[in-house]
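Please look over the two chains shown below before reading on.

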Amino acid sequence: MSDNFAAVGVLLIFAIALPLIMMAVPKLIAPNKPNKEKLTPYECGNETIGRTWIGFKSNYFLYALVFTAFDVETVFLYPWALTFRKLGTFAFVEMFVFIAILLVGFWYAWKEGALEWM
Amino acid sequence: MNALNQLPLNIAAAIRSLFGDPHSIWADLTMDIISIILVIVLIVLAALILILLERKVAGWTSQRPGPNRLGPHGWFQTIADALKLMGKEDVTPAGADRLMFKIAPMIMFALPMMTLAVIPYGHGMAPIRLNLGIVYYLAISAVSTLALLMAGWSSNNKYSLLGGMRAVAQMISYEIPLVFSLLGVVMITQTFNLSQIVADQHTIPFIVLQPLAFVVYLIAGVAEVNRAPFDLVEADQEVVAGPFTEYTGLRWGLFFLGEYGNMTAVAALTTTMFLGGWQGPAILPGYVWFFLKVGIIIFFQMWVRWTFPRIRIDHLMGLAWKVLLPLSILNIFLTGVGIYIYQLIVPRIGG
């Protein structure tokens, strides 16, 4: 039983250093001869038309909104699940009321067509 | 068998005893570094073996031999591939956002390293013991989407951009059922500590108590590692290779290592949460049981990949939101009622 976050820190240093070391290998042994044609974007042989970095319409915008609500719900549910057996009947009923309220919202979003690809 | 079971722990104790004070900070640091290096070795070995296994399973399901030229039955194929990747030119397209383009694969590779380090591989053999194990795992593994989006956006390639946007779409659909399905286990064990969760499964693995959560987690797990039938991010026939289109050489190899590492991590967490981790009959050491179970889950994932066709992204989102999410909430409800009734009954019958 310990919260060994010092070890996580060591791990993080390794996780940052190792890919950098690995990427040094091709620097040493791989050829490096860039030319203009090689550096163009690969789009199946066609010349690329227009810009790529545009305001991109994400068709799942409403999904993302519902996702945010449920993501916050998980933040509440995890501590609840951890102490659920100690808290007794009150916490048990209380959390299901909470889930029920969210489910009503979920049902409304579903009915209004938020869960459709637009 | 007990000696073999305790072997890694005895080696660890022997290394610790080399220090004057076996619990000094330097002994701890050395043990941390050794276990982290073991995790790295595990990822590289897993990737080498799994890539070959994947091609063999692909061959087996579509009734062709698979790689069989290099070495006995083609066993050296992935080693040759890895060496080839190291010698390939590292191309950065002229229009790319250079910094983001370069660090995206590194993030992808670092993530399975960070997640696999908290998994208990045997009794007392978690490289890093965390009381917040599950929360840590979920937090770290969710970042892989960010790496994919970074790669997709920074490549300045339209296919990559589409792939990156799909990665986000996929994440917001599978993440909630995935997180909710693990909640049932937490409700039973009352802990986030993965070692404790495995220890609680010594009588009965949680797949028996949580079959619904297990199925939901398996499906959401396949979506998390972006494999067919949910491999929309890198669907070859639609978006070339998605975010990986512009990557070459070892930088692409890092993505590959990261993907297979993620796959191992998901299988390892499934084993830990539902299949009893290293628990098993005493005929084999605990860590052997662990890797056998991980192997079964991975084989299942490969089998699914080569059997089912890819589904459309809106169908995936529909499946996750309209089927998996209600199922996982139902599972939370059933688990809650089950535990409540259990707690009412057990004191009365004197259990």
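## Helix 2 of chain B

In this predicted model, the buried residues of helix 2 of chain B are D32(B), S35(B), I36(B), V39(B), L42(B), I43(B), A46(B), A47(B), L50(B), L52(B) and E54(B). An α-helix has 3.6 residues a turn, so residues three or four places apart point the same way. The buried residues of helix 2 of chain B pack against helix 3 (77-86), helix 4 (98-116), helix 12 and helix 13 of chain B, and also against helix 1 of chain A.

With 37 residues at 1.5 Å a residue, helix 2 of chain B should span 54 Å, and the 52 Å between its end C-alpha atoms agrees with this. After helix 2 of chain B comes Q63(B), which has a positive phi, near 55 degrees.

## Helix 13 of chain B

Helix 13 of chain B covers residues 286-307, and its 22 residues should span 32 Å at 1.5 Å a residue, which agrees with end C-alpha atoms that are 32 Å apart.

## Chain B as a whole

Chain B contains 14 helices and 0 strands. Its radius of gyration is 21 Å, close to the 20 Å that the globule rule gives for 351 residues, so chain B is as compact as a globular protein of that length. The C-alpha trace of chain B spans about 70 × 55 × 40 Å along its principal axes, and 52% of its 351 residues count as buried. Among the contacts in chain B with a separation of 6 or more, 78% come from residues 24 or more positions apart.

## The nonpolar core

The largest nonpolar core has 125 residues, and M113(B), L116(B), A117(B) and V118(B) are those with the most contacts inside it. Helix 7 of chain B, residues 158-189, gives the most to this core, namely 19 residues. Once its neighbours within four places in sequence are left aside, V118(B) is in contact with A126(B), I128(B), L130(B), G133(B), Y136(B), Y137(B) and L194(B).

## Chain A

Chain A has 3 helices and 0 strands. Its radius of gyration is 25 Å, whereas a compact globule of 118 residues would have one near 13 Å, and its C-alpha trace spans about 70 × 50 × 20 Å along the principal axes. Of the 118 residues in chain A, 16% are buried.

The unreviewed UniProt entry places the feature "transmembrane region" at residues 6-29, 60-81 and 87-110 of chain A. In the model, residues 60-81 of chain A are 95% helix and 0% strand, with end C-alpha atoms 30 Å apart, while residues 87-110 of chain A are 96% helix and 0% strand, with end C-alpha atoms 33 Å apart.

## Where the chains meet

How many residues of chain A are in contact with chain B? There are 50 residues of chain A in contact with 59 residues of chain B. On the side of chain A that touches chain B, the elements giving two or more residues are helix 1 (5-29), helix 2 (61-87) and helix 3 (89-111) of chain A. Helix 1 of chain A supplies the largest share of that side, 14 residues. By residue class, the side of chain A that touches chain B divides into 39 nonpolar, 7 polar and 4 charged residues.

Conventions. Residues numbered from 1 in each chain as written. Chains lettered and ligands numbered in written order. Predicted model: local features only at pLDDT ≥ 70, side-chain atom pairs only at ≥ 80, totals over all residues. UniProt positions renumbered as here; feature names shortened; annotations may be inferred. Helix = DSSP H or I, 4+ residues; strand = E, 2+ residues; numbered from the N terminus. Core = buried A, V, L, I, M, F, W, Y, C linked by C-beta atoms within 7 Å. Buried ≥ 20, exposed ≤ 12 C-beta atoms within 10 Å, placed from the backbone. Contact = placed C-beta atoms within 7 Å. Rg over C-alpha atoms; globule rule 2.2 N^0.38 Å. Nonpolar A, V, L, I, M, F, W, Y, C, P; charged D, E, K, R; others polar. Expected span 1.5 Å × (residues − 1).
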